[in-house]
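Dear colleague,

I am passing on the structure below, together with a short account of what turned up when its secondary structure and packing were examined. Please read the notes with the coordinates open beside them.

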Amino acid sequence: MKKYISRFHYLTQDLPERSHVEQVQIACENGANWIQYRCLTKSDEDLVEEIHQIAAICDDWGATLILTNHYHLLDRVDAQGVHIEDVNANFEAIRQQITDEKTMGASAYTTEEILTLQAAGIVDYCGYGPFASTTTRTHDRPLLGFKGYRELEELRIDLLPVIAVGGIRLPDVELLLNTGIHGIAVSSAINLAPDPGEAVKAFYRAVY
Ligand SMILES: Cc1ncc(COP(=O)(O)OP(=O)(O)O)c(N)n1
Ligand SMILES: Cc1nc(C(=O)O)sc1CCOP(=O)(O)O
Ligand SMILES: [Mg+2]
């Protein structure tokens with residue numbers, strides 16, 4: 001089943017001064033239509049309680065809610081899908097469990113990984129990065145830069161929507177989208193901005 005995939009994925013993050021619920025409220029009030037709840041630090045019971053609150057906000061504003069990794073919670077909460085960060089996950093088994101009703105995204109770090117995901121035809125989109133260095137996550141993956149996304153055009157990666165991720169700032173958006181990718185995912189450039197609501201609006205203006 002072909003599914004709608006937004007061109008702008010807003011990701012929450014653990015912050016000392018603002019809860020995930022508050023982050024989602026700000027994002028939705030300022031136009032976000034696709035929320036990825038990225039919390040990898042809580043117990044299942046705490047996650048479910050928080051997801052109920054977040055799902056209610058997304059429902060009020062008509063936003064899609066995607067959980068990072070926690071696909072096992074999908075039958076307990078009102079979320080529309082999951083983003084799996086483990087490139088070695090058994091996507092076929094996860095798809096069987098969550099059914100085709102739910103959206104599933106995967107992470108890829110190489111063009112080979114994107115081509116494998118595309119050929120398998122199980123996930124609905126893939127996050128591809130890191131575009132640039134980010135404080136959200138430390139890793140030793142090579143940075144793709146604009147060149148990394150331009151290279152996709154020659155590889156006929158045109159069936160699977162590719163979402164650029166990692167260290168994306170507002171001035172990068174136009175050039176990134178000009179590479180032909182489907183969309184972008186952003187966390188810290190919004191969450192750590194002096195005015196996160198204004199940052200959401202600015203990213204949406206740049207994308208749409
Ligand atoms: C849309 C989207 N793309 C990618 C990710 C996760 O990024 P990734 O680099 O795979 O995650 P870590 O390995 O850094 O945890 C995402 N969550 N959403
Ligand atoms: C989960 C995740 N991993 C990333 C990586 O580069 O590996 S970026 C990211 C989420 C986006 O974060 P931001 O917009 O703050 O760079
Ligand atoms: Mg990462």
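The model is predicted, and I would begin with a pair of its helices: the axes of helix α1 (residues 20-29) and helix α2 (residues 44-61) come within 9 Å and cross at roughly 5 degrees. Since angles under 35 degrees count as roughly parallel, α1 and α2 are therefore roughly parallel to each other. In this contact, α1 contributes His-20, Val-21, Val-24, Gln-25 and Cys-28, which meet Glu-50, Gln-53, Ile-54, Ile-57, Cys-58 and Trp-61 of α2, and these residues divide into 7 nonpolar, 3 polar and 1 charged.

As for the strands, a closed barrel of 8 strands runs in the order β1-β2-β3-β4-β5-β6-β7-β8 with parallel pairing, and the twist from one strand to the next averages 25 degrees. Strand β1 (residues 8-11) pairs with strand β2 (residues 34-37) over 2 bridges in the parallel sense, with Gln-36 in β2 as the bridge partner of Leu-11. Helix α8 (residues 196-207) lies across β1 and β8 (183-186), and runs at about 160 degrees to β1.

Strand β4 (residues 81-84) is covered on both faces, with Gly-81 and His-83 buried on one side and Val-82 and Ile-84 buried on the other. On the β3 (residues 64-68) side, 3 bridges join the parallel strands β3 and β4, and Thr-68 stands opposite His-83; with strand β5 (residues 103-108), β4 pairs in the parallel sense over 4 bridges, and here His-83 stands opposite Gly-105. Finally, β4, helix α3 (residues 91-98) and β5 make a right-handed β-α-β unit.

Key: Residues are numbered from 1 along each chain as its sequence is written. Chains are lettered from A and ligands numbered from 1 in the order in which they are written. This is a predicted model: local features need pLDDT of at least 70, side-chain atom pairs count only at pLDDT 80 or more; totals for chains, interfaces and linings use all residues. Two strands pair if DSSP finds at least two bridges between them. Axes are lines fitted to C-alpha atoms, for helices over the stretch in contact, and angles run from 0 to 180 degrees between N-to-C directions. Two residues are in contact if their C-beta atoms, placed from the backbone, lie within 7 Å. Angles under 35 degrees count as roughly parallel, over 145 as roughly antiparallel, 65 to 115 as roughly perpendicular and the rest as oblique. Ala, Val, Leu, Ile, Met, Phe, Trp, Tyr, Cys and Pro count as nonpolar, Asp, Glu, Lys and Arg as charged, and the others, Gly among them, as polar. A residue is buried if 20 or more other C-beta atoms lie within 10 Å of its own, exposed if 12 or fewer, and partly exposed in between; C-beta atoms are placed from the backbone. A crossover is right-handed if, with the strands pointing away from the viewer, the path from the first strand over the helix to the second runs clockwise.
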